Amino acid sequence: MSYNSTLPLVIVNPKSAAGSTESRWAQVASDLRTHFGAFQVAFTKKAGDGTALALRGAEQGRKFIIACGGDGTINEVANGILQSGADVELGVLPSGTGGDFRRTLGLSTEPREAARGLRDGETQLMDVGKVSFTNHAGEPAVRYFLNVSSFGLSAAIIERVKTKTRLEWLPLDVVRGKASFAISTLQEVLDLSTTMIRVKIDDKEEKRLKTINFSVCNSRFFGGGMKIAPEASINDGFFDVVNIGDIKTAKIILRGYTLYKGTHLDLPEVKSTLARRIEVAPADGNQEIHLETDGELPGKLPAVYEIMPKALKVRVPKS
C-alpha cells in the first residue's frame, strides 16, 4: 500500500493476546475496513516499536493513530503521540491480555463493534500520568501512563506473570488476563513483606510510609480487571493515590476479591487520597524497588509523578 498520511494508522502488536492477534489479524482487518473505513497498518516487532511507530506517524502528519493490542501496546502508542507534541487522536482496537484501558473507556472486544466505535465515536480529552524515574541501566527516564503506575506487590505479580517459566505448567488459555494475575497473586503473597518508603504529596511535608502496594492511578483498573481506584476519573486533573498497608497474608488471600469489586477502600489498612504530584523513594537508599506503568516494568524508584490534565485526545464510544 502506498503511503498516505491522511489515512488513520493502525499499529498492531501481533504478539498480544498470547500471539492470537497475529493469527486473527486478517479477519480483524477485514472487519475494520468494512465497519470503520480505509487505514494503513504497521506491525511492531519488539518492545518500544509502538512508541517509535506512533512518533514517526505523528511527525509525518497522521491525525488518528489506533493501537491494536493490550495495555502495553496502548501505552507505547500513547507515549509516541505525547512525545511528538502533535495534535493526534488515539484510538484503541482491543486485542490483549489485561484490557484495563479498554474497561475504562467501555470499549467492545468484538472487532466489528469496536470498529464501528472508532468510526462513530467522539473525541474526549483525558489526563495523562507522567513519571520520572531511573531505568534498568541506571539512567534518568520519563514515561507517560494512562492507567496506573505502582510498586510493591503489583510489580512483583507482573514480573511473575511475564516470567513464563513459572507458569508453563498451566494451559495457555489459563495463563491469560485475570487468571494469570490471580494465580501469580497467590504465589507472590507467600513471600509478602512490607516496605518502608518516603512520600511527599503535593506541597505537604514528606512522610515515611509502610506499604505492601502503592498505586498512582489515573484510571480505575490494573492487573487484568482489579478495580484498584474505583473512584478515579480520567479527566478530573488528579491522581487517585491508593496505599495498601500492613495486611496479613491470610487476609489478602481471603479478601482478595475486594480488589475486583473495588470495595477494598473500606478496609482500615487501605488509604487513598487525591494528588497532582507525588515524590517517592525507598526509606533505605540501598533498597531497590521496581515500579510498573500500565503493566510494563521500565525501572525503579526514586520517582516523581505529575498529572498532565487533558493532555491526550482519545476516541471513545458515544454516550
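Modeller: The secondary structure of the protein chain comes to 9 helices and 15 strands, where helices (H or I, at least four residues) and strands (E, at least two) are DSSP runs numbered from the N terminus. This is a predicted model, in which local features need pLDDT of at least 70 and side-chain atom pairs count only at pLDDT 80 or more, while totals for chains, interfaces and linings use all residues. Residues are numbered from 1 along each chain as its sequence is written, and side-chain values use heavy atoms, with hydrogens and water left out.

Biologist: Which residues of α5 are buried?

Modeller: In helix α5, which covers residues 111-120, they are Pro 111, Ala 114, Ala 115 and Leu 118; buried means under 20% relative accessible area, exposed over 50% and partly exposed in between, with a 1.4 Å probe and protein chains only.

Biologist: And where do they fall, seen down the axis?

Modeller: The buried residues of α5 fall within an arc of 100°, so they line one face of the helix; the arc is that of the directions from the helix axis to the C-beta atoms.

Biologist: What do they pack against?

Modeller: The buried residues of α5 pack against α1 (20-35), β3 (64-69), β4 (89-94) and β15 (296-316), and contact here means heavy atoms within 4.5 Å.

Biologist: Changing topic, how many disulfides does the structure hold?

Modeller: The structure holds 0 disulfides, a disulfide being a pair of cysteine sulfur atoms within 2.5 Å. As for cysteines, Cys 68 counts as buried at 2% relative accessibility, and Cys 217 is buried with a relative accessible area of 0%.
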